[in-house]
Amino acid sequence: MTNSQLYNAIFRRKSTRKYDMAPLPADRLVKLKEFASNARPLDESIRYEFAYLGSADVRNLLPIKAPHYICMYSEKKGNYLMNTGFLLQQMDLYFSDNNLASCWLGMAKPAKGVPMLMNGLEFVIMLAFGNTTEIIHRTNTSEFKRKNLSEISSVVGADALLEAARLAPSASNTQAWFFSGDLDVITVSRKKLNLLKAQVYGKMNQIDIGIALFHLGLSVDHIGKMASYYFDEDVAPNGYEFMAKVKISKNDLARIR
Ligand SMILES: Cc1cc2nc3c(=O)[nH]c(=O)nc-3n(C[C@H](O)[C@H](O)[C@H](O)COP(=O)(O)O)c2cc1C
């Protein structure tokens, strides 16, 4: 699976909430698990593991049932939520490119009896996946319900580059990201939330930023440049919280496989 395939998936992917409950053939599972085991983290210092669950192993308040789930278990430190978004979004795009349906599930948890802790790593979030009879791909980016670039960016001349980040999925489609800076260094910030909203979306929106960072990284790779990520606290626009800086350099040594 190439970066170009993942990049192209950004413009077609969508969430699916109705699945064919027949399990996928073993060879498909082997292939996707192999891809998952080669996923690239945002922060290599954070230990994590993926676990695969079946429908009986998951409890979800919403009636979304799927034959398979991929779960992220992670060390709870530093940027683990952004790291989670960055890693699992690689799976979301992989599924889309392989004609499999998927959906991020922030509300779902492992069922009773399925551990929340594994080898010292804590359950973070899961993605449902499988076959569906529904249409898996969008045919046009106008089908995405997203904010306009002018609402989420002040970077001059970066419209084409940021389109991939604009289209990223987010919890309840909150799109809490903001991009500032210039074409060499883009600052990615997150909307500050009031106490009530922070309880609901505080964690999810950090996962969302990781998703957007992965999309942006693919977009940088698409124009033949290299993205490097920095997390040292920096200024953010009013009403936003600093999350990361993406340095864009001329280097054909691609950071994202
Ligand atoms: C971190 C995260 C958590 C999500 N949790 C849920 C969920 O619990 N239930 C659900 O139906 N969709 C969930 N979604 C899917 C979003 O609602 C969806 O991505 C968004 O509305 C944009 O639609 P699209 O993915 O079809 O482009 C989640 C998405 C993300 C990124």
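**Exercise 1.** Determine how far a polar side-chain atom of Arg 17 lies from an oxygen atom of the ligand.

*Solution.* A polar side-chain atom of Arg 17 lies 2.6 Å from a ligand oxygen atom. A polar contact is a pair of N or O atoms within 3.5 Å. A polar side-chain atom of Ser 15 is 2.5 Å from an oxygen atom of the ligand, and for Arg 146 the corresponding distance is 2.7 Å. Taken alone, the ligand exposes 620 Å², of which the protein buries 89%; accessible areas come from the Shrake-Rupley method with a 1.4 Å probe.

The model is predicted: local features need pLDDT of at least 70, side-chain atom pairs count only at pLDDT 80 or more, and totals for chains, interfaces and linings use all residues. Residues are numbered from 1 along each chain as its sequence is written, and side-chain values use heavy atoms, with hydrogens and water left out.

**Exercise 2.** State which residues around the ligand come nearest, and describe the shell by class.

*Solution.* Next, the shell has 12 nonpolar, 5 polar and 6 charged residues; here Asp, Glu, Lys and Arg count as charged, and Gly is among the polar residues.

**Exercise 3.** Explain why the ligand lies between domain 1 and domain 2.

*Solution.* Domain 1 (3-130) and domain 2 (145-249) both contribute residues to the shell, so the ligand lies between them. The domain bounds come from an automatic or database domain assignment.

Technical notes:
A residue is near a molecule or strand if one of its heavy atoms lies within 4 Å of it. A polar contact is a pair of N or O atoms within 3.5 Å; within protein, one must be able to donate a hydrogen and the other to accept it, and residues adjacent in sequence count only if both atoms are side-chain atoms.
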